[in-house]
Amino acid sequence: MPITNVTGANIPDKLTMAQTACTQSIQHLRNAIKSLKDNSINEEQRKWLNHYFLLGNDNTEIPAEIIQILKTTKRALKHENITVNIAFYNYVNKNNPNVINLARSQFNQAHQAIRYLIHEASHLYADTKDHSERGYTDNAGNYRQPGLTKEEALNNADSYACFISSFNGLRL
Ligand SMILES: [Zn+2]
């Protein structure tokens, strides 16, 4: 299993929960990558692509960079020996490779564990960024503040995490 250890708070079944979130994240990433590569996404999925990456309502192109970041994130979740540490908030530290810190609240609901595992893994392995309130979305998938540019969206961690969730019909 890619997640070999869960440290921090004492939650029953925390290792199983983290491993399940990881397995499902990989499946959701794989599903999206395949559909994007085949350009076989449906109307709803294209709407989410254009929404999160600010590509414009009528866009039909799929930027290669998006597929690349999704692939890099998926590969790491599949192959790295990751420790999840339950912390006060979600973060990673490049000096501490293969440790993903997730807030305890992310363990309350499976879809949130998936969203934030992908968000943090994309930082750690695919070098995505945060762009403060312009780049974080609310639970409806809208950016909390306006002003994110298209260039920023293409390396914005929450854009990738929310895109994968919405693409696969999960709540955020
Ligand atoms: Zn982040």
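Let's start with what the buried side of α1 packs against: β1 (3–8), α3 (64–79), β2 (82–87), α4 and α7 (157–167). Keep in mind, everyone, that this is a predicted model. The buried residues of α1 are A18, A21, C22, S25, I26, H28, L29, A32 and L36.

Now, one of those partners, α4. Helix α1 covers residues 14–38 and helix α4 covers residues 110–126, and their axes come within 9 Å, crossing at roughly 65 degrees. Angles of 65 to 115 degrees count as roughly perpendicular, so that is how α1 and α4 lie to each other. The crossing of α1 past α4 is right-handed.

Which residues make that contact? On α1 you'll find M17, A21, C22, Q24, S25 and H28, and on α4 they are A110, A113, I114, L117 and I118.

Let me say a word about each helix on its own. As for cover, α4 is mostly covered, with 14 of its 17 residues buried.

Just after α1 comes N39, with a positive phi of about 50 degrees. After α4 comes D127, and its phi is positive as well, near 60 degrees.

Thanks, friends, over to you!

How values were computed:
Residues numbered from 1 in each chain as written. Predicted model: local features only at pLDDT ≥ 70, side-chain atom pairs only at ≥ 80, totals over all residues. Axes fitted to C-alpha atoms, helices over the stretch in contact; angles between N-to-C directions. Helix = DSSP H or I, 4+ residues; strand = E, 2+ residues; numbered from the N terminus. Parallel < 35°, antiparallel > 145°, perpendicular 65-115°, else oblique. Left-handed = near helix turned anticlockwise from the far one by under 90°. Contact = placed C-beta atoms within 7 Å. Buried ≥ 20, exposed ≤ 12 C-beta atoms within 10 Å, placed from the backbone.
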